[in-house]
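Visitor: Please walk me through this model as you would read it yourself, giving the general idea of each feature before the case at hand.

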Amino acid sequence: HVRRLSQRLGFTKEEDPVKIERDLVKLVPREDWARFPHLMIWHGRRICRARMPLCEDCVVNELCPASRV
């Protein structure tokens with residue numbers, strides 16, 4: 001979920017997990033590092049699904065470059 005959402009939300013264009021993490025570390029405050037992946041996983045499972053994302057229910061759809069709304 002973290003890889004797919006990071007790319008979908010425009011946080012990274014990388015494919016390699018190490019490079020994705022490097023990009024995310026630049027964006028996410030240090031105090032949120034432990035919580036951030038869990039939030040991404042939750043969001044990916046419930047809202048931003050791979051095949052049928054629920055963009056109309058997403059709280060960040062106005063900021064998301066991949067939003068269908």
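**Reading the helices and their buried faces**

Guide: In helix H2, which covers residues 17-27, the buried residues are Ile 20, Asp 23 and Leu 24. Viewed down the axis of H2, these buried residues fall within an arc of 100 degrees, so they line one face of the helix. The arc is that of the directions from the helix axis to the C-beta atoms, and buried means under 20% relative accessible area, exposed over 50%, and partly exposed in between, with a 1.4 Å probe and protein chains only. This is a predicted model, in which local features need pLDDT of at least 70 and side-chain atom pairs count only at pLDDT 80 or more, while totals for chains, interfaces and linings use all residues. Residues are numbered from 1 along each chain as its sequence is written, and side-chain values use heavy atoms, with hydrogens and water left out.

Visitor: Why do residues three or four places apart point the same way in an α-helix?

Guide: An α-helix has 3.6 residues a turn, so residues three or four places apart point the same way. In this structure, helix H3 has Phe 36, Met 40, His 43 and Gly 44 as its buried residues. Seen down the axis of H3, they fall within an arc of 100 degrees, so they line one face of that helix. The face of H3 turned away from its buried side carries the exposed residues His 38 and Arg 45.

Visitor: What covers the buried residues of H2, and what do the buried residues of H3 pack against?

Guide: Here one reads contacts, where contact means heavy atoms within 4.5 Å. The cover over the buried residues of H2 includes helix H1 (2-8) and helix H3 (36-46), and the buried residues of H3 pack against H1 and H2.

Visitor: How many helices and strands does the chain have?

Guide: Helices (H or I, at least four residues) and strands (E, at least two) are DSSP runs, numbered from the N terminus. The chain has three helices and zero strands, and from the N terminus on its elements run α-α-α.

Visitor: Which contacts does Leu 24 make, leaving aside its neighbours within four places in sequence?

Guide: Leu 24 lies in helix H2 and is buried, with a relative accessible area of 10%. Once neighbours within four places in sequence are left aside, Leu 24 is in contact with Val 2, Ser 6, Phe 11 and Phe 36. Its C-alpha is 9.9 Å from that of Pro 37, a residue 13 positions away in sequence.

Visitor: Is Leu 5 buried or exposed, and which residues does Leu 5 contact?

Guide: Leu 5, found in helix H1, is buried, with a relative accessible area of 0%. Apart from neighbours within four places in sequence, Leu 5 is in contact with Met 40, His 43, Gly 44 and Cys 48. The C-alpha atoms of Leu 5 and Met 40 are separated by 7.0 Å, although the two residues are 35 apart along the chain.

Visitor: Where is Leu 9 placed?

Guide: Leu 9 sits in the loop between H1 and H2 and is buried, with a relative accessible area of 16%. Its contacts, with neighbours within four places in sequence left aside, are Met 40, Val 60, Cys 64 and Pro 65. Leu 9 and Cys 64 are 55 residues apart in sequence and 5.2 Å apart in space, C-alpha to C-alpha.

Visitor: How far apart in space are Arg 46 and Trp 33, C-alpha to C-alpha?

Guide: Arg 46, in helix H3, is partly exposed, with a relative accessible area of 44%. Arg 46 and Trp 33 are 13 residues apart in sequence and 21 Å apart in space, C-alpha to C-alpha.

Visitor: What radius of gyration does the chain have?

Guide: The radius of gyration is taken over C-alpha atoms, and the globule rule is 2.2 Å times the number of residues to the power 0.38. With 69 residues, a compact globule would have a radius of gyration near 11 Å, and the chain has 12 Å, which agrees. Along its principal axes the C-alpha trace spans about 30 × 25 × 20 Å, and buried residues make up 32% of the 69 residues.
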